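Have a look at the picture first, then read on.

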Amino acid sequence: MGAERLTRLTRMTPREFCTAVTNKVARNMALHFLSSILTGIPYGSIEKILDGNYPAKSKLQIPVSCLEDLLERIERNWKS
C-alpha cells in the first residue's frame, strides 16, 4: 500500500519501486558491513569496489537476490 503511494512520486510501478528500494538497502548494508570490517580502507574505495566490475561485487550480489526472494514471499503472503 505504501509502495503504491510512493510510486506516484517516482513514476515507477510498485514492483520496480520495491526492487529499487531492496537493492539500495542491500547495497548500503554491504557497504556498512565492509567498512566496519575493513577499517583501514576509505569508505569511498569500498564504494568503488561495489560499483565497479570486481570479483568481490559478484559475491555480494547473492544477498541482494536473497532479499528479492524474501520480498516476493512477503508480497505473496500479504496478498493471500
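What follows is a short briefing, starting with the whole chain and then moving to its parts.

This is a predicted model, so keep the confidence scores in mind as you look around. The chain has four helices and zero strands. Its mean pLDDT is 75, and 71% of its residues reach 70 or more.

**The whole chain**

- Starting at the N terminus, the order of elements reads α-α-α-α.
- Of the 80 residues in the chain, 15% count as buried.
- Take the contacts between residues at least 6 apart in sequence: 36% of them join residues at least 24 apart.

**Helix α2**

- Helix α2 covers residues 14-37.
- With 24 residues, α2 spans 35 Å from its first C-alpha to its last, which is close to the 34 Å expected at 1.5 Å a residue.
- Which residues of α2 are buried? They are F17, T22, A26, A30, L31 and L34.

**How α1 meets α2**

- To describe two packed helices, you give the angle between their axes and the distance between the axes.
- Helix α1 (residues 2-10) packs against α2 at an angle of about 90 degrees, and their axes are 9 Å apart.
- That angle makes α1 roughly perpendicular to α2.
- On the α1 side, the residues in contact are A3, E4, L6, T7 and T10, and on the α2 side they are P14, F17 and C18.
- Sorted by class, this contact has five nonpolar, two polar and one charged residues.
- A3 comes up again in a distance: the C-alpha atoms of A3 and V21 are separated by 9.9 Å, and the two residues are 18 apart along the chain.

**The loop between α1 and α2**

- R11 lies in the loop between α1 and α2.
- Is R11 buried or exposed? R11 is exposed, because its relative accessible area is 81% and exposed means over 50%.
- Most residues other than glycine have a negative phi.
- R11 has a positive phi, near 60 degrees, even though this residue is not a glycine.

**A look at α4**

- E75 is found in helix α4.
- With a relative accessible area of 30%, E75 is partly exposed.
- Where does E75 stand relative to R15? Their C-alpha atoms are separated by 9.9 Å, while the residues are 60 apart along the chain.

Notes
Residues are numbered from 1 along each chain as its sequence is written. This is a predicted model: local features need pLDDT of at least 70, side-chain atom pairs count only at pLDDT 80 or more; totals for chains, interfaces and linings use all residues. Side-chain values use heavy atoms; hydrogens and water are left out. Helices (H or I, at least four residues) and strands (E, at least two) are DSSP runs, numbered from the N terminus. Axes are lines fitted to C-alpha atoms, for helices over the stretch in contact, and angles run from 0 to 180 degrees between N-to-C directions. Angles under 35 degrees count as roughly parallel, over 145 as roughly antiparallel, 65 to 115 as roughly perpendicular and the rest as oblique. Contact means heavy atoms within 4.5 Å. Ala, Val, Leu, Ile, Met, Phe, Trp, Tyr, Cys and Pro count as nonpolar, Asp, Glu, Lys and Arg as charged, and the others, Gly among them, as polar. The expected span of a helix is 1.5 Å times one less than its number of residues. Buried means under 20% relative accessible area, exposed over 50%, partly exposed in between (1.4 Å probe, protein chains only). pLDDT is the predictor's confidence in each residue, from 0 to 100.
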